[in-house]
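Please look over the structure before reading on.

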Amino acid sequence: MSASITLRNRIAERGLIHVMAAHSPLSAILVEEAGFDGIWASGFELSALHGLPDMSFVSMSQHLDMLRAMAGRVSIPIVADIDTGYGNALNVTHAVREYERAGASAVVIEDKTFPKVTSLVAGGRQELVRTEEFQGKLEAAIATRGDPDFLVIARTEALIAGLGEEEALARAAAYEAAGADMILIHSKRKTPDEIESFARTWKGAVPLVIVPTSYPEMNEKRVRALNTIAMVIYGNHGLRAAVTAMRDTFRRIIADGGALNASRDIVSVEEIFRLQNMEAAKDSEKRFLR
Ligand code: SPV
Ligand code: MG
């Protein structure tokens with residue numbers, strides 16, 4: 001069974017799935033072990049991993065290589081964040097072909113201009129392409145996918161750009177008409193009200209996706225009550241947790257003049273061996289090295 005059909009089946013069976021961002025095979029393994037339904041191959045996390053802002057600085061091939069490496073180490077579906085599709089509708093066809101081949105089960109394409117500016121930054125320059133142009137990009141993605149179960153998710157940044165709910169709803173309806181399987185509606189409001197209002201007003205047949213980074217009060221109970229949201233993406237919690245933990249450990253080692261105390265509070269080297277699948281490598285050595 002393809003990972004794409006697994007993703008579609010999980011959404012159909014559970015009504016709501018939880019997808020966590022990862023930026024490396026190791027973080028993807030931790031997402032899978034924690035019990036999430038899928039992995040969000042986040043552009044924001046990968047940009048931050050390179051110490052760069054999420055502004056189309058990281059190339060498609062860098063993101064694709066990381067997604068391929070993640071796909072090689074986990075079995076849960078991967079939702080690829082392909083930003084604006086790396087250009088126009090033709091670039092989208094190339095991207096969809098490559099991401100499907102690399103092991104993605106879905107792509108999320110956003111209706112901003114290329115190069116994009118990250119969504120949540122205060123005062124970010126947010127420009128959207130024309131609705132018709134974005135419909136062409138979606139149609140290009142749909143026409144290109146080899147597996148009909150591969151999901152094409154349209155993301156509108158209308159609320160992020162301050163264009164209001166009416167424009168966001170009109171764009172979402174236009175993207176559904178172009179064939180999108182789901183609509184990602186993004187918001188940078190500090191409270192869930194903007195998203196709750198959109199989700200209550202949405203009358204389309206396709207379900208919604210949200211990324212509640214700036215409004216974390218939006219829990220599963222509130223999401224289920226709306227009846228229109230089928231996927232929640234946790235956009236950057238692994239990366240932020242890693243920064244918190246690394247910063248704390250590094251500071252303690254400097255302050256203590258050694259690693260004795262810090263070593264007691266971090267995972268053992270043996271645990272890293274387990275995550276690396278060292279056991280299998282040792283078995284192969286026994287079997288093949290003569
Ligand atoms: C990402 O994780 O790259 C996203 C979500 O696209 S956000 O950073 O909120 O735009
Ligand atoms: Mg992104």
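Into which domains is the protein divided? The division is into domain 1, residues 3-236, and domain 2, residues 243-288. The model is a predicted one. Eight of its strands close into a barrel, and its largest pocket takes lining residues from both domains.

**Domains**

- The centres of domain 1 and domain 2, taken over C-alpha atoms, are separated by 33 Å.
- On the side of domain 1, five residues are in contact with domain 2, where four residues take part.

**Barrel**

- The order of the eight strands around the barrel is 1-2-3-4-5-6-7-8, with parallel pairing.
- On average, and with direction ignored, neighbouring strands of this sheet are turned by 25° against each other.
- Strand 1, residues 17-22, pairs with strand 8, residues 229-234.
- This pairing of strand 1 and strand 8 is parallel and runs over four bridges.
- Within strand 8, Val232 is the residue that stands opposite His18.
- In general, strands of a sheet pair through backbone hydrogen bonds, in either the parallel or the antiparallel sense.

**Largest pocket**

- The volume of the largest pocket is about 700 Å³.
- Its lining comprises 25 residues, and those closest to the centre are Leu26, Leu30, Ala242, Ala245 and Val267.
- Two or more lining residues come from each of strand 1, helix 2 (25-34), helix 10 (237-256) and helix 12 (269-275).
- Helix 10 contributes the most to this lining, with seven residues.
- Sorted by class, the lining of the largest pocket holds 18 nonpolar, six polar and one charged residues.
- The largest pocket lies between domain 1 (3-236) and domain 2 (243-288), because both of them give residues to its lining.

**Second largest pocket**

- The second largest pocket has a volume of about 240 Å³.
- There are 17 residues in the lining of the second largest pocket.
- Nearest the centre of the second largest pocket lie Phe44, Thr118, Leu120, Arg155 and His186.
- The lining of the second largest pocket divides by class into five nonpolar, seven polar and five charged residues.

Methods
Residues numbered from 1 in each chain as written. Chains lettered and ligands numbered in written order. Predicted model: local features only at pLDDT ≥ 70, side-chain atom pairs only at ≥ 80, totals over all residues. Heavy atoms only, no water. Pairing = 2+ DSSP bridges. Axes fitted to C-alpha atoms, helices over the stretch in contact; angles between N-to-C directions. 1 Å grid on protein atoms, 1.4 Å probe; cavity = no way out; pocket = protein on both sides within 12 Å on 5 of 7 lines; lining within 4 Å. Points joined across faces, edges and corners; volume = space filled by probe spheres on them. Nonpolar A, V, L, I, M, F, W, Y, C, P; charged D, E, K, R; others polar. Domains from an automatic or database assignment. Contact = heavy atoms within 4.5 Å.
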